[in-house]
Amino acid sequence: MELKYTSIILSKYDISETDRIYDFYTKEDGRIRAIGRGVRKAKAKLAGNLESLTLADVFISKNRGMGNITGVIPLDGFISAKTDLVAIDNIFFALSYFDKLITGEEKDEKIFLLLLEYFRVINELSQEKKSEQKAETITLGFLFNLAGMLGYKIITEYCVNCEQKICSGNNNFFSAKRGGVLCASCAKLKTENIQNSDSCIKLIRIFSKNKIGSFSKLRVPKKDIAGLKLIWRELFNWIHD
Ligand SMILES: [Zn+2]
């Protein structure tokens, strides 16, 4: 049986002198792997259309076990992003987490669309030669939204311990274990927190309420990028443990 998958090609690795396994995130079935037979031969037609970080319609014939790739129609190669070192660095940073958070073959069209939107926005940004901070903001926004879709949306409106409204200007903290922000007085009683800045809380709020495309309009100072990365790492470690 041959099936068509609208896929983002994530990675590939060689398994023999002629064959390669490809890793896809598909609209139809979530994350899947398939074998490209003969793709390592010099005249293989399939290989050129199976570059990593490409959106493509991939045809896979399935019997038992892993399917065989029988055809590919490339739809978007995200060429600007691929030739931009900042974009590539950011994409690999994002995919290193995506790889660990999304492991099973489970359909989730929302995640497919989020990943596709991320690639499109990063690609557009590369064409415009925008700053490194914008690429980092978009990447962090993508990761926080991905966590939200997986059920780890960070609570920023009220303290996750005493439930009082979080006021900006106060010394608020983030607790991955509790999935949100702790007010200054509650933070004193806990040990697992990392310091948080109000601007980071605001940004996480903006991320959760808007599309990735709008994140390139944000002007995020370097110290907030660093703060968001700290919070992200804390959250990821908590999810991944
Ligand atoms: Zn509190």
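1. Leaving aside neighbours within four places in sequence, F59 is in contact with E2, K4, T70 and G71, where two residues count as being in contact if their C-beta atoms, placed from the backbone, lie within 7 Å. F59 itself is found in strand β4, residues 54-61, and it is partly exposed, with 17 other C-beta atoms within 10 Å. For these burial terms, a residue is buried if 20 or more other C-beta atoms lie within 10 Å of its own, exposed if 12 or fewer, and partly exposed in between, the C-beta atoms being placed from the backbone. F59 and V72 stand 13 residues apart in sequence and 6.1 Å apart in space, C-alpha to C-alpha.

2. On the basis of the model: this is a predicted model, in which local features need pLDDT of at least 70 and side-chain atom pairs count only at pLDDT 80 or more, while totals for chains, interfaces and linings use all residues. Residues are numbered from 1 along each chain as its sequence is written.

3. As to the chain overall, there are 7 helices and 8 strands, where helices (H or I, at least four residues) and strands (E, at least two) are DSSP runs numbered from the N terminus. The C-alpha trace spans about 65 × 40 × 25 Å along its principal axes, and buried residues make up 36% of the 241 residues. Of the contacts with a separation of 6 or more, 58% are between residues 24 or more positions apart.

4. Helix α2 (residues 85-101) and helix α3 (residues 109-128) pack at an angle of about 165°, with their axes 10 Å apart; axes here are lines fitted to C-alpha atoms, for helices over the stretch in contact, and angles run from 0 to 180 degrees between N-to-C directions. The two helices are therefore roughly antiparallel to each other, on a scale in which angles under 35 degrees count as roughly parallel, over 145 as roughly antiparallel, 65 to 115 as roughly perpendicular and the rest as oblique. In this pairing, A87, N90, I91 and A94 of α2 meet Y118, I122, L125 and S126 of α3. α2 passes α3 in a right-handed crossing; a crossing is right-handed if the near helix is turned clockwise from the far one by less than a right angle, and left-handed if anticlockwise.

5. Within α2, the buried residues are A87, N90, I91, A94 and F98. Seen down the axis of α2, these fall within an arc of 100°, so they line one face of the helix, the arc being that of the directions from the helix axis to the C-beta atoms. They pack against α1 (79-82), α3 and α4, whereas the face turned away from the buried side carries the exposed residues L85, F92, S96 and K100.

6. α4 passes α7 in a left-handed crossing. The residues that meet include L140, L143 and F144 in α4 and L228, W232 and L235 in α7.

7. In α7, the residues D224, G227, L228, I231 and L235 are buried. They cover an arc of only 95° around the axis, which puts them on the same side of α7, and they pack against α4, β6 (173-175) and α6. On the other side of α7, K222, N237 and H240 are exposed. α7 has 19 residues and reaches 26 Å from its first C-alpha to its last, close to the 27 Å expected at 1.5 Å a residue, the expected span being 1.5 Å times one less than the number of residues.

8. Helix α6 (residues 198-209) buries C200, I201, L203, I204 and F207. They cover an arc of only 160° around the axis, which puts them on the same side of α6. What covers them includes α4 (132-149), β7 (180-182) and α7 (222-240).

9. Two backbone angles deserve a look. Most residues other than glycine have a negative phi. Phi of L53 is near 60°, a positive value; L53 lies in the loop between β3 (30-36) and β4, and it counts as buried, with 22 C-beta neighbours inside 10 Å. E163 has a positive phi of about 65°, and its place is in the loop between α4 and β6, where E163 is exposed, with 11 other C-beta atoms within 10 Å.
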